[in-house]
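Here are my notes on the model you sent over.

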Amino acid sequence: MERTIPKARTESTQPRLEPMLDLEWSQAIELPRTVASATRPSDIRRAWVHRAPEDLVVALYRASSGMHGEIPAPWWLRAVVEGRLESRELGFRIEDRISGLLGRRPGWEFVPWAADGESGYWEFMPSERGASGHSIPTTVLNTSRHDGWIDLLPAHSSSTPAPIAVAGFAGLRSRLGEFEAVR
(Lines give C-alpha, C1' and ligand atoms only; values in the text may rest on other atoms or scores of the structure.)
Protein backbone atom coordinates (compact mmCIF):
# COMPACT_ATOMS: atom_id res chain seq x y z
CA MET A 1 0.00 0.00 0.00
CA GLU A 2 1.47 3.25 -1.11
CA ARG A 3 1.23 6.39 1.02
CA THR A 4 0.18 9.66 -0.49
CA ILE A 5 2.74 12.33 0.19
CA PRO A 6 1.39 15.84 0.19
CA LYS A 7 2.81 18.13 -2.44
CA ALA A 8 5.25 20.78 -1.40
CA ARG A 9 3.89 24.26 -1.13
CA THR A 10 4.58 26.45 -4.06
CA GLU A 11 4.57 29.51 -1.83
CA SER A 12 7.66 30.65 -0.01
CA THR A 13 8.48 28.49 2.98
CA GLN A 14 9.89 31.47 4.85
CA PRO A 15 7.98 32.29 8.00
CA ARG A 16 5.64 35.20 7.64
CA LEU A 17 6.60 37.86 10.16
CA GLU A 18 4.34 40.70 11.12
CA PRO A 19 5.45 43.73 13.10
CA MET A 20 4.38 43.68 16.69
CA LEU A 21 3.92 47.42 17.02
CA ASP A 22 1.54 47.11 19.95
CA LEU A 23 4.16 45.31 22.00
CA GLU A 24 6.94 47.61 20.85
CA TRP A 25 4.89 50.69 21.76
CA SER A 26 3.90 49.36 25.19
CA GLN A 27 7.58 48.76 25.92
CA ALA A 28 8.42 52.26 24.68
CA ILE A 29 6.13 53.91 27.23
CA GLU A 30 6.70 51.45 30.09
CA LEU A 31 7.93 53.09 33.27
CA PRO A 32 10.08 51.41 35.90
CA ARG A 33 8.40 50.31 39.13
CA THR A 34 10.25 52.98 41.08
CA VAL A 35 7.95 55.72 39.76
CA ALA A 36 5.49 55.18 42.63
CA SER A 37 7.74 57.29 44.84
CA ALA A 38 8.07 60.13 42.31
CA THR A 39 7.33 63.62 43.62
CA ARG A 40 7.51 65.48 40.31
CA PRO A 41 7.21 64.70 36.57
CA SER A 42 10.98 64.68 35.98
CA ASP A 43 11.25 61.71 38.37
CA ILE A 44 9.27 59.50 35.99
CA ARG A 45 11.00 60.36 32.73
CA ARG A 46 12.68 56.97 32.49
CA ALA A 47 10.82 55.30 29.61
CA TRP A 48 12.19 54.94 26.09
CA VAL A 49 9.92 57.78 24.86
CA HIS A 50 11.71 60.14 27.27
CA ARG A 51 15.29 59.15 26.38
CA ALA A 52 15.41 57.96 22.76
CA PRO A 53 16.09 60.39 19.92
CA GLU A 54 12.94 62.40 19.38
CA ASP A 55 12.67 61.58 15.66
CA LEU A 56 12.63 57.83 16.47
CA VAL A 57 9.98 58.34 19.15
CA VAL A 58 7.79 60.28 16.71
CA ALA A 59 8.28 57.66 13.97
CA LEU A 60 7.31 54.76 16.26
CA TYR A 61 4.31 56.69 17.57
CA ARG A 62 3.11 57.42 14.03
CA ALA A 63 3.57 53.80 12.94
CA SER A 64 1.80 52.48 16.03
CA SER A 65 -1.08 54.93 16.01
CA GLY A 66 -1.52 54.52 12.26
CA MET A 67 -2.67 50.96 12.78
CA HIS A 68 -5.09 51.51 15.68
CA GLY A 69 -5.88 55.20 15.98
CA GLU A 70 -5.25 56.89 19.33
CA ILE A 71 -2.79 55.02 21.53
CA PRO A 72 -1.50 55.74 25.06
CA ALA A 73 1.15 58.45 24.86
CA PRO A 74 2.40 61.48 26.76
CA TRP A 75 0.45 64.66 26.07
CA TRP A 76 3.56 66.35 24.69
CA LEU A 77 4.14 63.61 22.10
CA ARG A 78 0.63 63.97 20.71
CA ALA A 79 1.19 67.75 20.50
CA VAL A 80 4.60 67.33 18.81
CA VAL A 81 3.18 64.90 16.23
CA GLU A 82 0.30 67.30 15.53
CA GLY A 83 2.85 70.08 14.92
CA ARG A 84 1.51 72.25 17.77
CA LEU A 85 4.43 71.86 20.18
CA GLU A 86 8.00 72.40 19.03
CA SER A 87 9.70 69.60 20.94
CA ARG A 88 9.65 67.04 23.71
CA GLU A 89 12.06 69.28 25.63
CA LEU A 90 9.53 72.12 25.57
CA GLY A 91 6.91 69.72 26.95
CA PHE A 92 9.30 68.79 29.76
CA ARG A 93 9.85 72.48 30.55
CA ILE A 94 6.08 73.06 30.77
CA GLU A 95 5.73 70.12 33.18
CA ASP A 96 8.70 71.35 35.23
CA ARG A 97 7.31 74.90 35.53
CA ILE A 98 4.02 73.53 36.85
CA SER A 99 5.96 71.29 39.21
CA GLY A 100 7.99 74.26 40.47
CA LEU A 101 4.81 76.22 41.16
CA LEU A 102 2.58 73.53 42.70
CA GLY A 103 5.37 71.63 44.47
CA ARG A 104 6.06 74.66 46.71
CA ARG A 105 2.41 75.26 47.62
CA PRO A 106 0.83 73.51 50.59
CA GLY A 107 -1.80 70.91 49.77
CA TRP A 108 -0.65 69.98 46.26
CA GLU A 109 0.61 66.44 45.68
CA PHE A 110 2.05 64.91 42.54
CA VAL A 111 0.42 61.64 41.42
CA PRO A 112 2.82 59.68 39.19
CA TRP A 113 0.56 56.76 38.30
CA ALA A 114 -1.54 58.37 35.58
CA ALA A 115 -2.87 56.53 32.55
CA ASP A 116 -0.36 54.55 30.47
CA GLY A 117 2.16 56.84 28.85
CA GLU A 118 0.99 59.98 30.63
CA SER A 119 3.14 62.29 32.75
CA GLY A 120 1.28 62.21 36.05
CA TYR A 121 -0.91 64.95 37.48
CA TRP A 122 -1.31 67.18 40.54
CA GLU A 123 -4.08 66.95 43.15
CA PHE A 124 -5.10 69.60 45.66
CA MET A 125 -5.73 67.39 48.67
CA PRO A 126 -7.62 69.92 50.87
CA SER A 127 -10.43 69.87 48.27
CA GLU A 128 -11.05 66.19 48.97
CA ARG A 129 -13.39 65.39 51.87
CA GLY A 130 -13.26 68.99 53.06
CA ALA A 131 -16.27 71.11 54.03
CA SER A 132 -17.79 70.59 50.58
CA GLY A 133 -17.48 66.79 50.95
CA HIS A 134 -16.04 66.07 47.52
CA SER A 135 -14.53 62.60 47.12
CA ILE A 136 -12.26 63.50 44.18
CA PRO A 137 -9.85 66.45 44.65
CA THR A 138 -9.17 69.34 42.32
CA THR A 139 -6.76 68.02 39.69
CA VAL A 140 -4.30 69.77 37.39
CA LEU A 141 -3.06 67.81 34.39
CA ASN A 142 -1.29 68.45 31.14
CA THR A 143 -3.18 68.04 27.90
CA SER A 144 -2.74 68.23 24.15
CA ARG A 145 -6.41 69.23 23.87
CA HIS A 146 -5.56 72.95 23.56
CA ASP A 147 -2.46 75.12 23.29
CA GLY A 148 -2.52 76.22 26.94
CA TRP A 149 -1.40 72.62 27.69
CA ILE A 150 -3.09 72.60 31.13
CA ASP A 151 -6.52 71.34 32.16
CA LEU A 152 -8.18 71.57 35.55
CA LEU A 153 -10.77 69.10 36.82
CA PRO A 154 -12.71 70.70 39.67
CA ALA A 155 -13.21 68.75 42.89
CA HIS A 156 -16.26 66.54 42.51
CA SER A 157 -18.06 63.53 43.92
CA SER A 158 -20.03 61.98 41.09
CA SER A 159 -19.34 61.89 37.37
CA THR A 160 -16.18 63.57 36.15
CA PRO A 161 -16.88 67.16 35.11
CA ALA A 162 -15.70 68.58 31.81
CA PRO A 163 -12.11 69.79 32.05
CA ILE A 164 -11.52 73.52 32.33
CA ALA A 165 -8.93 74.77 29.84
CA VAL A 166 -6.29 76.85 31.62
CA ALA A 167 -4.51 79.55 29.62
CA GLY A 168 -1.00 78.20 30.10
CA PHE A 169 1.34 78.59 33.04
CA ALA A 170 0.46 82.26 33.58
CA GLY A 171 -3.23 81.36 33.65
CA LEU A 172 -2.60 78.63 36.19
CA ARG A 173 -0.58 80.93 38.43
CA SER A 174 -3.16 83.72 38.26
CA ARG A 175 -6.12 81.40 39.03
CA LEU A 176 -4.55 79.26 41.78
CA GLY A 177 -6.40 81.12 44.54
CA GLU A 178 -9.68 80.39 42.79
CA PHE A 179 -8.78 76.72 42.29
CA GLU A 180 -7.62 76.31 45.88
CA ALA A 181 -10.74 77.95 47.31
CA VAL A 182 -12.79 74.74 46.94
CA ARG A 183 -12.39 72.86 50.23
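Which backbone oxygen lies 2.8 Å from a polar atom of the side chain of His156? That is where I'd start.

1. The backbone oxygen in question belongs to Pro154, at 2.8 Å from a polar atom of the His156 side chain. A polar contact here is a pair of N or O atoms within 3.5 Å; within protein, one must be able to donate a hydrogen and the other to accept it, and residues adjacent in sequence count only if both atoms are side-chain atoms. Before going on: this is a predicted model, where local features need pLDDT of at least 70 and side-chain atom pairs count only at pLDDT 80 or more, while totals for chains, interfaces and linings use all residues. Residues are numbered from 1 along each chain as its sequence is written, and side-chain values use heavy atoms, with hydrogens and water left out.

2. His156 sits in the loop between strand S4 (150–153) and strand S5 (164–166). Helices (H or I, at least four residues) and strands (E, at least two) are DSSP runs, numbered from the N terminus. With a relative accessible area of 10%, His156 is buried (buried means under 20% relative accessible area, exposed over 50%, partly exposed in between; 1.4 Å probe, protein chains only). Not counting residues up to four places away in sequence, His156 touches His134, Ser135, Ile136 and Pro161; contact means heavy atoms within 4.5 Å.

3. On to the sheet: it is open, with 5 strands in the order S1-S2-S3-S4-S5 and antiparallel pairing. S1 and S5 stand at the edges with a single partner strand each, so one side of each has no neighbour in the sheet. Strands pair if DSSP finds at least two bridges between them; S2 and strand S3 (residues 138–142) have 4, in the antiparallel sense. Phe124 has Thr138 in S3 as its bridge partner.

4. Now the helices on that sheet. H5 packs on it, touching S1, S2, S3 and S4, and its direction makes about 155° with that of S3. Helix H6 (residues 168–180) packs there too, touching S1, S2, S3, S4 and S5, at about 130° to the direction of S5. Axes are lines fitted to C-alpha atoms, for helices over the stretch in contact, and angles run from 0 to 180 degrees between N-to-C directions.

5. Leu102 is in helix H5 and is buried, at a relative accessible area of 0%. Leaving aside neighbours within four places in sequence, Leu102 is in contact with Trp108, Trp122, Val140 and Leu176. The C-alpha atoms of Leu102 and Leu176 are separated by 9.2 Å, though the two residues are 74 apart along the chain.

6. Aromatics next: the whole structure has 5 aromatic pairs. Rings of Phe, Tyr and Trp (its six-membered ring) pair if their centres lie within 6.5 Å; planes under 30 degrees apart count as stacked, over 60 as edge-to-face and the rest as tilted. For Trp76 and Phe92 the centres are 5.5 Å apart and the planes at 80°, so the pair is edge-to-face. Trp76 is buried at 1% relative accessibility, and Phe92 is buried at 8%.
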